[in-house]
Amino acid sequence: MLNRTQISTLLVAAALGGAITVSRADETYIPLISKGFQHQFWQAVKLGAEQEAQKLSVKISFEGPETEAMVDKQIDMLSADLAKHPKAIGFAALDSKAAIPLLKKAQAEHIPVIAFDSGVDSDIPLTTCATDNIAAAAVAADKMAELIGDSGEVALVVHDQTSRTGIDRRDGFLNEMKAKHPKVKIVSVQYGGGDQLKSTEITKAILEANPNLKGIFGANEGSIIGVLHGVKESKKKLVVIGYDSGKEQIEAIKSGDEAGAITQNPIGIGACVVESAVKALKGDKLPKKVDTGFYWYDKSNVSDPKIAALLYN
Amino acid sequence: MAEPKTATIEAEERVATTFRAQVFGSIARQKLFAFASLIVLMVFFGFASPAFMQVENLLGILQSTAVNGVLAIASTFVIITAGIDLSVGTLMTFCAVMAGVFLTNWQLPLWTGVLAAIATGAMSGLLSGTFVAKLKLPPFIATLGMMLVNKGLALVVAGDKPIYFSDSENFSTISQGSMIGYVLPSLPVPNSVLILFVLAIAASAVLSRTALGRYTFALGSNEEAVRLSGVNVDRWKITIYVLAGAICGVAGLLIASRLNSAQPALGQGYELEAIAAVVIGGTSLSGGTGTVLGTIIGAFIMSVLTNGLRILSVPQEWQIVVTGVIIILAVYIDILRRRKL
């Protein structure tokens, strides 16, 4: 029995050993802690960071909690990464205030912190690489108004009501409508957790309740995929506007099921983090904020190389 | 109390005998085994990376175990009765949010707020326990329902956004301060860890030295026999769920104090991590056996694994796979060992 136990233990140890990547001590190591890793968006940020890291010959790692609710898991990740005494650190805070004690520790150890995505409410990060989500959602609102003839009923399917991106995209859209398109009426704002299936059900319910609906805005990739499915299942025809990219969304735009979407520049965000960190290590002065940009894309420019480079499948 | 006296004594004696056998027999060995696995893991990670064995990182591991450890203690009680509590994670969150309401919105004194948050947990446990004992709902369903109720209530009460504890200055010291560090400055073990250990010792004492503990085991071994010996089964069962709920309240305070905020969207999924810790620690899901010490070791195995893989920069996707494999392996080895006994 004991032998079998020992064998199993050895097997596990060997399996672990195989998975380890040996790191050299003299390499510049920069861990990036994001808000997630499973969504295609974060994978694109990771790709951008990896490409930039290779260019500047530094070593990075990229981690994030399984859901954007897991604030404590993200803090554990930050804590484990600080124990490795990295040269610099990239951080997309789920909750800025919760991370302050650890960020202070990084500051005390003179580890430069680069914030990305929604940023960190504090003076500690040297710069923030992010999209201006409020301005981007306002563009989505303008396009929506234009496509429905500047009047009628519109609904929103948003990923959540607690995260910075959820709040900014919702408010950016709502405020722009209120200020510039008074005849457009927002009849419903619902939250689907970025889950495709939940967002589908929500969309169907909205369509059921509002037969005169002219358009729906889905505020992230998961939400808009749900909206597309919900509209299809309800066999309705209306103006659908999305956010980010992903294969399904790009195809919907090409086929005309979706009018268009806002894309951020996730690869640019990843590259910006690594580039800023390396600059900080050289002692360069960094701007307080780097707007990594956003673009409106639709059927007409989805294949344009400039746009295609920002989209991920 | 109309219990026939002799029957009660007999039942208690029977329970005590089986309990003694468990302590000196399989359970003791299980604990040794779990402890050995923990040491093997730590030695492995220690050799694999110099960063792992640093005091700072070990303190980080201790701190990251505190919340899951406390939730796992709550789960241990329920699982020993052959029940399951799926509501521990979101109940923790709801208690954290209520602590925010008591301390930040109502400006209650710190200790009143703390006790009220624990009472919130106990109240929710009272509901779960009543559903299980009186309405005869299967524990899985009753606590699944309560998991969703707590999750929703946390969002409603908090108004969908975090509640911060910036007004009550001492609140963060519940988790982040260090009483041990005050005595031994070189070893600033966070209070959350101290609370975990104190709670573990208390829970262990309840399980092994009180009537409640004896009935917890007895209900898991043979509920019908306990009922037939004239014991008020429903009352003890409800008490166990109330206790588990109150312990979730403590977890809620720990997480809120660590994050200095009550995060209303957190908590789902934490019940499964707690159950994993309990099972790795040798408590059987079919009830009747288990120890708090085993559970604590199980919780540490989970967090050492998470931290170690992270320190080694194992890609995150593989971290998840390895954690799953270890859980299956740990429980399988336990089953093999039991068969040999």
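B:Ser166 counts as exposed, because it has 12 C-beta neighbours inside 10 Å. B:Ser166 belongs to the loop between β1 (163-164) and α7 (173-176) of chain B. From B:Met53 it is separated by 113 residues in sequence and by 34 Å in space, C-alpha to C-alpha.

This is a predicted model, in which local features need pLDDT of at least 70 and side-chain atom pairs count only at pLDDT 80 or more, while totals for chains, interfaces and linings use all residues. Residues are numbered from 1 along each chain as its sequence is written, and chains are lettered from A and ligands numbered from 1 in the order in which they are written.

**Chain B**

Chain B contains 14 helices and two strands; helices (H or I, at least four residues) and strands (E, at least two) are DSSP runs numbered from the N terminus. Its radius of gyration is 20 Å, close to the 20 Å that the globule rule gives for 341 residues, so chain B is as compact as a globular protein of that length. The radius is taken over C-alpha atoms, and the rule is 2.2 Å times the number of residues to the power 0.38. The C-alpha trace of chain B spans about 55 × 50 × 40 Å along its principal axes, and 53% of the 341 residues count as buried.

Helix α13 (residues 292-311) of chain B has 20 residues, which at 1.5 Å a residue should span 28 Å; the end C-alpha atoms are 28 Å apart, in agreement. The expected span is 1.5 Å times one less than the number of residues. Of the 20 residues of α13(B), 20 are buried. Just after this helix, B:Ser313 takes a positive phi of about 55°.

**The sheets of chain A**

Two strands pair if DSSP finds at least two bridges between them. The two open sheets are set out below.

| Strand order (chain A) | Strands | Pairing |
|---|---|---|
| β2-β1-β3-β4-β5-β11 | six strands | parallel |
| β7-β6-β8-β9-β10-β12 | six strands | mixed |

Within it, β4 (residues 113-116) and β5 (residues 127-130) of chain A pair in the parallel sense over three bridges, and A:Phe116 stands opposite A:Cys129 in β5(A). Helix α2 (residues 40-55) of chain A packs on this sheet, touching β1 (29-33) and β2 of chain A, and its direction makes about 170° with that of β2(A). Axes are lines fitted to C-alpha atoms, for helices over the stretch in contact, and angles run from 0 to 180 degrees between N-to-C directions.

A:Gly260 stands opposite A:Asp298 in β12(A).

**The interface**

In all, 32 residues of chain A are in contact with 38 residues of chain B, contact meaning that C-beta atoms, placed from the backbone, lie within 7 Å. On the side of chain A that touches chain B, the elements giving two or more residues are α1 (2-19), β2 (59-63), α3 (71-83) and α4 (96-108) of chain A. The largest share, eight residues, comes from α1(A).

Methods: Two residues are in contact if their C-beta atoms, placed from the backbone, lie within 7 Å.
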